[in-house]
Structure formats: C-alpha cells, structure tokens
Amino acid sequence: MARRETMQRKIFITALAWVVGLIVFFPILWTVLTSFKTEGDAINISGFFSTGWTTEAYSVVQSRSNYVQFAWNSVALALGSTFFALVIAIPSAWAMAFAPGKRTKDLLMWMLSTKMMPPVGALIPIYLIFRDLGLLDTRGGIITVLMLLNLPIIIWMLYTYFKEIPGEILEASRMDGASLGKELLYVLTPMAIPGIASTLLLNIILAWNEAFWTLALTTKDAAPLTQFIASYSSPEGLFWAKLSAASTMAIAPILVLGWFAQKQLVRGLTFGAVK
Amino acid sequence: MATQQTRTLGKLAVSPSVFVLFMWMIVPLAMTIYFSFLRYNLLDPNPVCSLLTPGALLDAENRCLAGFTNYYYFLTDPAFFKAMGNSLKLVGWVLAISVAGGTLLALLLDQPFFGRGFVRIMMIAPFLVMPTVSALVWQNMLMDPVSGFFAFISKSIGLQPIDWFTHHPFAAVVIMVAWQWVPFATLILLTSLQSLDEEQKEAAEMDGTPPLSYFWYIVLPHLIRPMTVVVLIETIFLLNVFAEIYVTGTAGPAGNLPFLVYQYGLIANDIGGASAGGIVAVILANIVAFFLMRMIGKNLEA
C-alpha cells in the first residue's frame, strides 16, 4: 500500500513539476514557436502552433540585417575576452592555490571586491578614455572590458578548482625528480583541465549575455547580438517573427552551453560560497 | 629552496592579474571622483567659468572646480529620488519573488519524479537568456495589450487585457527581471538542498516527522545560508539592471540609478553630474558588498 501511495505521489509531482516547468520555460518556447510563423500569424494568435511552418523570418533576418556580423562579434567578444582572461588568470590561480602566501586570502577578497563595483561608477571615465583612444565600438576595446569584468570570477573559480587538486601528488612528482615544467605539463595540466573547461564555459555565457558595456560602448562595428536585439526596440511594421528568429539564434548557443554548465554556474556565481 | 623558488614564481604569476585589476578598479574610480568635483560638460568643455562664478578655481585643463555642486544638484534632483526609489523597489520586489519562488521551485525539483533533469533545464533556462532578448520578448510577444499572448489568454477567458507598459510599467519590469532571477535562486537553493544530509532525511522519515515541521526545523535552517548568498549576490546584480529599462523605454516610470547616471552622462553630456551619480551608486553598492564579502570570507576560512 505504501508503495502505491509513493507511486501516486510521484505521478502527482511529475505532473505538477512539468506544468510549472513549462510555465517558467514558456516565454522561450513561445519565442521559438513564433520564429517559425509568418509575420501575419505571429501577430494574430489563433493557437499555439503556426498554421504553416516557415523559416521565412530566419532568411529575412539573415539577409536584411547583417546578422552575421553581429553574431560574429558576439563570438569574437566572448571567446576573445575568455581567452585573454584565462591567460592571465591561470598562472595567478595556480600560484594562489599551490604557493599561498600570507596575503593570498586578502588578495582573493580584494579581487572579488572589484566585481562589486557598479559599472556606472566607471562608465564615464571608460567612455572618455575609449573616445580619446579611438576604442569606442572596437572589438579590442570591448574584449578588454569584458576580460577585466569577468577576471575576478575566473580567478576565483579556477582557485576553487585548483584547491581540490591534492598537493601530495605534486610533492610526489617533485620527489621523483620532475622539474617545475614537467610538473606543470604532465601532472597539473591533466588534473586542471576539467576546472579550466568549466570556467571557460561559464565565462563564455557571462560575456555573451553582458548587456551594459556592450550597449553603452558599441554602436555598429563591434556591436554584438545584445545590441542587435536592442535595435528591435524601435520597431518598423510587423516584426515579431523576425524578432523571434533573431532572439532564438541569439540564445540557442547559450542554452546549450548552460545545459552543460549547470553546476559550474552555481560555483562561479557564488564565488564558491555554495557548492 | 624549492619553496623559495616557487614563492618567487608565484608572485610573478599573480602580478599580471593584480596589476590589471588594480588599473581597472583604481583608475576609473579616481577619475570618476575627480570629475564629480568639476563643472564638466562635453558640449561645453571649457566654459568661461570666471564669468559664471567669479574667482572659481581652475584645474590644469582650465575646467572649473565645482566643489560639491554636482552632488548638490544630483542629490536634490527630483529624478534622483525617483531613480533611487525605483532601484530599491526593483531590488526588493525581485528579491522577495526570487527567494520565495526559488525556495518553492527548489523543493519541487528536489522530489523524485519522471523527467527531472529535463524539467530542471527548463527552469534554469531563463537565467541564460540575454537581457535584451528577455525584455523585448516580454514587452512585445507576451505583454502587448492587443496581440500579446497574455492578451490572448485574457480575451479567451473573457477578461479585459492589461496594458502592462502603459498602466503598470514598473510591475512589467519587475516581472521580466524576476523571471530571469528566480531560476538563479532555484539553482543555488537546489544545489544546497541536495547537499542536505541523507541520514538526517532518513531519520526524519523514520520518526514520521510531518512535512511542515521537517521543512521548518531541518530544511529551512539548512537553506538560510544559501538564501543569504542569493540575496547578496542578486542585490549586487539587481542594483545594476540596465538593459531591460534601456530597450523597453521605461526610463520614465521605472528608470533606476544606473539609468539616471547613463542619462546624465551619455545623453545630457553632463560629466560632472554623472560622475557624482556614479559615486552615489558606488557607495550604495559598497554597503551591500561589505556584508557579502564577510559571508564569503568566512566560507574561505572554513
């Protein structure tokens, strides 16, 4: 009897959870469904699904508004900022995890505190510096800003991962006469790769969705998808199917990455305070 | 000896990130503070300030030193009170919704049921959506009073559709921002729930503890810490909400402190005033940051 009760309970919870899940997910689902409608259908809801599936909106977005350039900028900014941040962060995190000094903890906390600074506190000087150096609306400029923006999170995340690598293994390899270079290459690197990969994933997500600096500092040449989507806020004619198609393309890669990175999201965004 | 070598190498390895972060934090902040004491407008970079305020001091670039005038004007601007109020209201509402909603959703997701992994992904997804996308999708396809999905639902059950952005623009912004942050709270609280001691769970079950007291005496105390983390981290991010207001054009009714600074600086070109506003925002964020840092610092020792 107890068994049947738990089964009933499980079925009830399954139904409830799916209904709630679908409600939460609905805006995304609706966007995807709308992207396959004609503009006429999009604005005239007669049912959940399109009367005739069409990829018209996608081709219009592709051809009319240099979507590819925006998408390419998003990719370049996300990958570029992540790459440079990792280059700077990996040695730092490695050093703080394996050769901690007296000040390591303070240093980590200080790095974190830079993340607490509201962007508007730096907006005006950065804007003026960029204007004077001709960096406004350039990929290099935005990559630098995004790199600095996420560097504290990256260092923290790498630090918490590196901390989990047992130090005894390093000592053992040192005893065996491995040089520092060999130690790094053969012992540390293979163990650090999962942590680095997770950090990379999280940072790509954060950089891809960043919508303060990218909106304030780009207009056209270096503008990523955040800016491209924002351009739909001044609509012309029927545009919902096009907006949906553009939105779907802008969020799809991140939804896929996020699916892989669920656990890392928690670790990265809480600075290791919740694991 | 090896450790000495490692130490030196370690310092060398840490220095680039310390250097760039120091530059990133100190240089703009110092400039913002300096600008906040200047009469500095981009449209009129060198006003003849001796005419405006006889005997005024000039800086090296002939800009008027303004003392606390910018702060005075910013802090007495009615728009500041409105923006400050909106900032705090937005943070308060979204926090309340996301902690309550996040707890409920996390408890639900912690139960065993069919397709749990898939439902979890659906619930986390909104957090991964680009803010500009979320804002425009909500504004148009969901909340449009004529052809939006909510209007469609209202009409089909015989109700008058709500014109969200005309009559309840602030609530509309709260809803779309909360939609993105409830999943964040859910994800963190769920992670924490799953680390709840299995033995404790079983013991409670054996004793036949009623679900409500189980939640009150065992689950809730366990969740207090992650809840605090959620509140602090969300506060940091929510104080900086910008894109949702920028793309939906709700600056009038829902404009917050970051948006006001943006308006002062990049639209009105009043660098001095915008900088003073920026400093006000920095002070506000620092009060929150102080508590967050203490929490994280404690955890670092543990």
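This is a predicted model: local features need pLDDT of at least 70, side-chain atom pairs count only at pLDDT 80 or more; totals for chains, interfaces and linings use all residues.
**View 1. The crossing of helices α4 and α11 in chain B.** Helix α4 (residues 78-110) of chain B and helix α11 (residues 211-238) of chain B have axes that come within 10 Å and cross at roughly 145 degrees, and the crossing is right-handed. On the α4(B) side the contact is made by L90(B), V91(B), V94(B), L95(B), S98(B), V99(B), G102(B) and T103(B), which meet L223(B), M227(B), V230(B), V231(B), E234(B), T235(B) and L238(B) of α11(B). By residue class, this contact comprises 10 nonpolar, four polar and one charged.

**View 2. The contact between chains A and B.** Chain B contributes 84 residues to the contact and chain A contributes 83 residues. On the side of chain B that touches chain A, helix α1 (residues 2-35) of chain B gives the most, with 18 residues. The residues on that side of chain B are 65 nonpolar, 18 polar and one charged.

**View 3. The largest nonpolar core.** This core has 171 residues, and those with the most contacts inside it are A89(A), A93(A), L158(A) and I229(A). Helix α7 (residues 139-163) of chain A gives the most to the core, with 17 residues, while domain 1 (1-65 + 234-248) and domain 2 (72-232) of chain A each supply at least three residues. When residues up to four places away in sequence are not counted, I229(A) touches A246(A), S247(A) and A250(A) as well as M130(B), T132(B), V133(B) and L136(B).

**View 4. Helix α8 of chain A and the glycine that follows.** Helix α8 (residues 167-175) of chain A lies largely in the open, because the number buried among its nine residues is zero. After α8(A) comes G177(A), whose phi is positive, near 90 degrees.

**View 5. D137(A), a residue with positive phi in a loop of chain A.** D137(A) is not a glycine, although its phi is positive at about 60 degrees, and D137(A) is found in the loop between α6 (120-133) and α7 of chain A. With 16 other C-beta atoms within 10 Å, D137(A) is partly exposed, because that class falls between the 12 or fewer of an exposed residue and the 20 or more of a buried one.

**View 6. N269(B), a residue with positive phi in a loop of chain B.** In N269(B), a residue other than glycine, phi is positive and near 60 degrees. N269(B) has its place in the loop between α14 (257-267) and α15 (271-301) of chain B, and N269(B) counts as partly exposed because it has 15 C-beta neighbours inside 10 Å.

Note on methods: Residues are numbered from 1 along each chain as its sequence is written. Chains are lettered from A and ligands numbered from 1 in the order in which they are written. Axes are lines fitted to C-alpha atoms, for helices over the stretch in contact, and angles run from 0 to 180 degrees between N-to-C directions. Helices (H or I, at least four residues) and strands (E, at least two) are DSSP runs, numbered from the N terminus. A crossing is left-handed if the near helix is turned anticlockwise from the far one by less than a right angle, and right-handed if clockwise. Two residues are in contact if their C-beta atoms, placed from the backbone, lie within 7 Å. Ala, Val, Leu, Ile, Met, Phe, Trp, Tyr, Cys and Pro count as nonpolar, Asp, Glu, Lys and Arg as charged, and the others, Gly among them, as polar. A nonpolar core is a set of buried Ala, Val, Leu, Ile, Met, Phe, Trp, Tyr and Cys residues joined through C-beta atoms within 7 Å. Domain bounds come from an automatic or database domain assignment.
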